[in-house]
Amino acid sequence: MSKISIIGAGSIGATTAFALMQKGVAREIVLNDINQEKALGEVLDLMQGSSLCKPCNVSLGSLEDTANSDIIIITAGVGQKPGETRLDLIDKNYNIFKSFIPTISKLSPNAILIVVSNPVDVLTYMTYKLSSFPINRVIGSGTVLDTARLRSLLGKYFEIDGRNVQGHVLGEHGDSEFIPWSTLSIGNIPVKDFAKQYNIEWDKEIENVLAQDVKNSAYEVINRKGATAFAVAVAIVRIVEAILRDEKTILTVSTLLNDYLGVNDTYLSVPSIIGKNGIEKVLDINLTDEEHEKFLSSAKLMREYIERINNK
């Protein structure tokens, strides 16, 4: 069984630890946070229910206690507040990352790093630079959650099991993300044809509304309860399972792209095969001209923010 460390015991980090314990995918979970008292409270809460789950030791740890982790999940940083975009958090969270990424990388030289903190694409790029790890072992949670939101919304719209939706949200995990509707299908039936079979309305306007609903999902949660937690924790655990079980499953994680549809040296979400080595292979995608422009626009925005950090 594996050792998983979580850097950041806020709502996402603590909920992820709970989800991991429930799933029984790790034998050891180390929680680290600058607020040791809060992190200890989370550890005590988790351990008091541990006898009802598969054996798992959850402990409070310093950075040194994360040594020899198999996977390190990074949720540390300033959270998104109502009215803020993910990109508003760059400078604050980059400074926080500089304080611990080099240390944890030296302590766990063979670990796979999963970055969750926002803005995830930019911070994953910075983690890659600060850690000096190979590309395949520095992963952003990317649009795994956005894709789950898309499938859930389409499942509700068509009154079907959302797991039958084949499609992805691509690009930035943020406001420039987009849905390539040309590739989306339900049970291998193109979405337009599926809608026609069931006499359900489907047109460009509906696509736009659904895309906005997916993009704004996090804002809706944050405006009401202050932070996202449950859905993102489920998405993180899905990535962890794919790695530890060497599933070779396809997930839209954020990965470093080079010579990919005109994009270079930028982290963005595209379908990738995930297994024991992290990102096993980045898959090519077919996009319409309009979708390709959206992809390039998303990449350009990420590059602008990366350059801003690099020039400091």
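**View 1. Thr15 in helix α1 of the predicted model.** Thr15 is found in helix α1; helices (H or I, at least four residues) and strands (E, at least two) are DSSP runs, numbered from the N terminus. This is a predicted model, in which local features need pLDDT of at least 70 and side-chain atom pairs count only at pLDDT 80 or more, while totals for chains, interfaces and linings use all residues. Residues are numbered from 1 along each chain as its sequence is written, and side-chain values use heavy atoms, with hydrogens and water left out. Thr15 has a relative accessible area of 15% and is therefore buried; buried means under 20% relative accessible area, exposed over 50%, and partly exposed in between (1.4 Å probe, protein chains only). Not counting residues up to four places away in sequence, Thr15 touches Ala229, Phe230 and Ala233, where contact means heavy atoms within 4.5 Å. Thr15 and Lys156 are 141 residues apart in sequence, and their C-alpha atoms are 25 Å apart in space.

**View 2. Thr16 in helix α1.** Helix α1 spans residues 11–23 and includes Thr16. Thr16 is buried, with a relative accessible area of 0%. Its contacts, not counting residues up to four places away in sequence, are Ile6, Ile73, Ala233, Ile236 and Val237. The side chain of Thr16 also reaches the backbone oxygen of Ile12 at 2.7 Å. A polar contact is a pair of N or O atoms within 3.5 Å; within protein, one must be able to donate a hydrogen and the other to accept it, and residues adjacent in sequence count only if both atoms are side-chain atoms.

**View 3. Strand β5 and its two partners.** Strand β5 covers residues 112–115, with Ile112 and Ile114 pointing one way and Leu113 and Val115 the other way. These four residues are all buried. Strand β4 (residues 71–74) pairs with β5 in the parallel sense over four bridges; two strands pair if DSSP finds at least two bridges between them. Ile74 has Val115 in β5 as its bridge partner. Strand β6 (residues 138–140) also pairs with β5 in the parallel sense, over three bridges, and Val138 in β6 stands opposite Leu113. From β5 the chain crosses through helix α5 (residues 120–131) to β6, a β-α-β crossover that is right-handed. Right-handed means that, with the strands pointing away from the viewer, the path from the first strand over the helix to the second runs clockwise.

View 4. The peptide bond from Asn118 to Pro119 is cis, with omega near 0°. Pro119 has its place in the loop between β5 and α5.

**View 5. Aromatic pairs.** A search of the whole structure finds 11 aromatic pairs. Rings of Phe, Tyr and Trp (its six-membered ring) pair if their centres lie within 6.5 Å; planes under 30 degrees apart count as stacked, over 60 as edge-to-face and the rest as tilted. Phe97 and Phe100 form a tilted pair, 5.3 Å centre to centre with 55° between the planes. Phe97 is buried at a relative accessible area of 0%, and Phe100 counts as buried at 5%. The ring centres of Tyr128 and Tyr267 are 6.3 Å apart and the planes are at 55°, so this pair is tilted. Tyr128 lies in helix α5 and Tyr267 in strand β12 (residues 266–269), so the pair ties together parts that are 139 residues apart in sequence. Both Tyr128 and Tyr267 are buried.

**View 6. An aromatic cluster and a charge over a ring.** Tyr157, Phe158, Trp181, Phe194, Tyr198 and Trp202 are linked into a cluster by ring pairs. Elsewhere, Arg137 lies over the face of Phe133, at 4.6 Å from the ring centre. A charge sits over a ring if NZ of Lys or CZ of Arg is within 6 Å of the ring centre and within 35 degrees of the ring normal.

View 7. Asn199 lies in the loop between α7 (191–197) and α8 (204–215). Phi of Asn199 is near 55°, a positive value in a residue other than glycine, and at 71% relative accessibility Asn199 counts as exposed. Leu261 is found in the loop between β11 (254–257) and β12. Phi of Leu261 is near 50°, likewise positive in a residue other than glycine, and Leu261 counts as partly exposed at 32% relative accessibility. Asn35 lies in the loop between β2 (26–32) and α2 (36–47) and is partly exposed at 40%. Asn35 and Gly8 are 27 residues apart in sequence and 8.8 Å apart in space, C-alpha to C-alpha.
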